[in-house]
Amino acid sequence: MHLSEITHPNQLHGLSIRQLQQIARQIRDKHLQTVAATGGHLGPGLGVVELTLGLYQTLDLDRDQVIWDVGHQAYPHKLITGRYSNFHTLRQREGVAGYLKRCESKFDHFGAGHASTSISAALGMALARDMKGEKFKVVAIIGDGALTGGMALEAINHAGHLPKTNLLVVLNDNEMSISPNVGAIPRYLNKMRLSPPVQFLADNIEEQFKQIPFVGESLSPELARVKEGMKRLAVPKVGAVFEELGFTYFGPVDGHNLEELITTFQQAHKTHGPVLVHVATVKGKGYEIAEQDKVGYHAQSPFNLATGKAIPASSPKPPGYSKVFAHTLVKLAEQNPKIIGITAAMATGTGLDKLQAKLPNQYIDVGIAEQHAVTLAAGLATQGMRPVAAIYSTFLQRAYDQIIHDVCIQNLPVFFCLDRAGIVGADGPTHQGMYDIAYLRCVPNIVLMAPKDEAELQRMIVTGIDHTSGPIAMRFPRGNGYGVPLMEDGWEPLEIGKGEIVRNGDDVLMIGYGTMVNPTLQAAEILSEHGVEATVINARFAKPLDTELIFPLAKKIGRVITVEEGCVMGGFGSAIAEALLDADIVVPIKRIGIPDVLVDHAEPNESKTELGLTSPQIAQKVLDSFFKQQLTAVS
């Protein structure tokens, strides 16, 4: 059977080990060819090919439910659930999503883009099954990195308290999340990877019993208990921990041995109550380059499959915002030993791996634990340190209570650096950083700022470090800057709450925030061609607003446009509108930003065009709103 013929995972039933191995090779080939062409997550999926095939041969996917944690380890799952023929559209507009989506396939039983959610969701499904008197299997597959997340441990704690609830948790132990795992739990797992599988010892114990006269092929209940007791003495400590928490533990199992996987899953399905199967895998399995560089090949832009090298851009690009952020932070940290960079398992993504390499004593990776990262930063701040919590906008959502309760209520000087703010592209709805303006500006004490370019980013980093009277947050986008000149040192902080006029005009006031300042300027130039002259403000701060600058201009000009790369509801434009209303300044105002929709995966420019955030579209909206009598189509 060829992989292209598989449209339903139940077609794996009855296939021989040899046939499954052939399918595994085809999955890896298709996986590698596709990601090399489109970009995407590489190592995670390559590591779970046999795990997926072995598990699915023991399930009936017309009834049973499988929940994959995070989602980027589920490419093999997608290839055998009817998405082979259009897998080449991976992470492209209207193509196959890079994560799990319930609306994409009936086999995506639970959507996932953030880590550590699978066990909670699976337990909820299992409880609902039992309440309705139904009979089907529920399986959660979670990586050892995601197991560092507190939510996963909360779910394990709950599941272990329900001995009559059948639930299978598969622990995919590959020693990695994105960056190398940190913490006591991964350290335990890593130690056990070096130990012989427990089943080997148990089998040998049984063989020894069978040699005893009169015992033969069967074990009495008493001897069976002795066997289990001896096995328990040999069970790795991590297994004993799970068993003490109420789980029956199987493993470690070789995650690339199909026969062993199938046998173990069959045994696990026959076991009542919560069960954990510990599977040892190799991230990037089957592609030696990815096996050797598990961090670098967790995800890749399009690359040469033969060399593993990224396909170079047609022309050199300006440095990315993350790179400028990291470079500037390292420079400042060299001068100030109180600066501590904090990441939640995203060292390379945020650029903090540069801080780790240069100043390891001023770097902390907490694992996939954003809540802990924020409160840890709060604790550091109480002792006079300057914690810099570099967390993607979408992931900081996970620590919202900690932002309020542990940082803002106590008015502690934590500096939040929100990478990947705004449209992020191919990762889709779970990763779009469009809500941080709205979810942060309503919290007392916090300052919010966003740079118009990479040079202003440098000044805002200094501003954030120097701001010691309370919390402050800076959002910045994914991708490259504009190529403006950068400084190596001597950056001056900005005055808190002060914007700047970057263009003058008498017909309309346009207020841009962060990444939308330059597109707003370009829109103003287009408007000028149509006889409309705009004043453009670089707001710099969403909280506090520069009302001393904005109010007089709003009164004088009488027409206001706000432009942001964030959700319109409760966002920057709402802040301007509320401030004008509270000051009894009643003028027409048009807010431009991301409407109340989920933004799907696509190239960022494609998404911005669809959302009406390009410069010509902004100019057209200004004409439509205020200058219909002068209306001329903008192209």
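1. In what order do the 7 strands of the open sheet with mixed pairing stand? The order is β9-β8-β10-β11-β13-β12-β17. Before going on, please keep in mind that this is a predicted model, in which local features need pLDDT of at least 70 and side-chain atom pairs count only at pLDDT 80 or more, while totals for chains, interfaces and linings use all residues. Residues are numbered from 1 along each chain as its sequence is written, and side-chain values use heavy atoms, with hydrogens and water left out.

2. Helices (H or I, at least four residues) and strands (E, at least two) are DSSP runs, numbered from the N terminus. Two strands count as paired if DSSP finds at least two bridges between them. Strands of a sheet pair through backbone hydrogen bonds, either parallel or antiparallel.

3. Axes are lines fitted to C-alpha atoms, for helices over the stretch in contact, and angles run from 0 to 180 degrees between N-to-C directions.

4. Helix α20 (residues 454-466) lies across β8 (339-343), β10, β11, β12 (447-449) and β13 (472-475), and runs at about 165° to β13. Contact, here and below, means heavy atoms within 4.5 Å.

5. There is also an open sheet of 5 strands with parallel pairing, in the order β2-β3-β4-β6-β5. Its edges are β2 (65-68) and β5 (248-254); each has a single partner strand, so one side of each is left without a neighbour in the sheet. Neighbouring strands of this sheet are turned by 20° against each other on average, direction ignored. Within it, 7 bridges join β4 (residues 167-173) to β6 (residues 274-280), and V170 stands opposite V277 in β6.

6. Which helices lie across this parallel sheet? One is α3 (residues 49-56), which lies across β2, β3 (138-143), β4 and β6 and runs at about 165° to β2. Another is α5 (residues 118-131), which lies across β2, β3 and β4 at about 175° to β3.

7. Helix α3 has helix neighbours to explore too. Two packed helices are described by the angle between their axes and the distance between the axes. The axes of α3 and α11 (residues 258-270) come within 8 Å and cross at roughly 45°. The two are therefore oblique to each other (angles under 35 degrees count as roughly parallel, over 145 as roughly antiparallel, 65 to 115 as roughly perpendicular and the rest as oblique). α3 passes α11 in a right-handed crossing; a crossing is right-handed if the near helix is turned clockwise from the far one by less than a right angle, and left-handed if anticlockwise. The contact is made by E50, L51, L53, G54 and L55 of α3 with L258, L261, I262, F265 and H269 of α11.

8. With α1 (residues 17-38), the axis of α3 comes within 10 Å and the crossing is at roughly 135°, which makes α1 oblique to α3. On the α1 side, L20, I23, A24, I27 and R28 take part, and on the α3 side V49, E50 and L53.

9. Elsewhere, α21 (residues 517-529) and α25 (residues 615-626) pack at an angle of about 55°, with their axes 8 Å apart. α21 passes α25 in a right-handed crossing. Among the residues that meet are P519 and I526 in α21, and P616 and L623 in α25.

10. Finally, some local details. The peptide bond from G251 to P252 is cis, with omega near -5°, and P252 is in strand β5. Another cis bond joins K543 and P544, with omega about -5°; P544 is in the loop between β17 and α22 (547-557). A345 has a positive phi of about 70° although it is not a glycine, and A345 is found in the loop between β8 and α14 (347-350).
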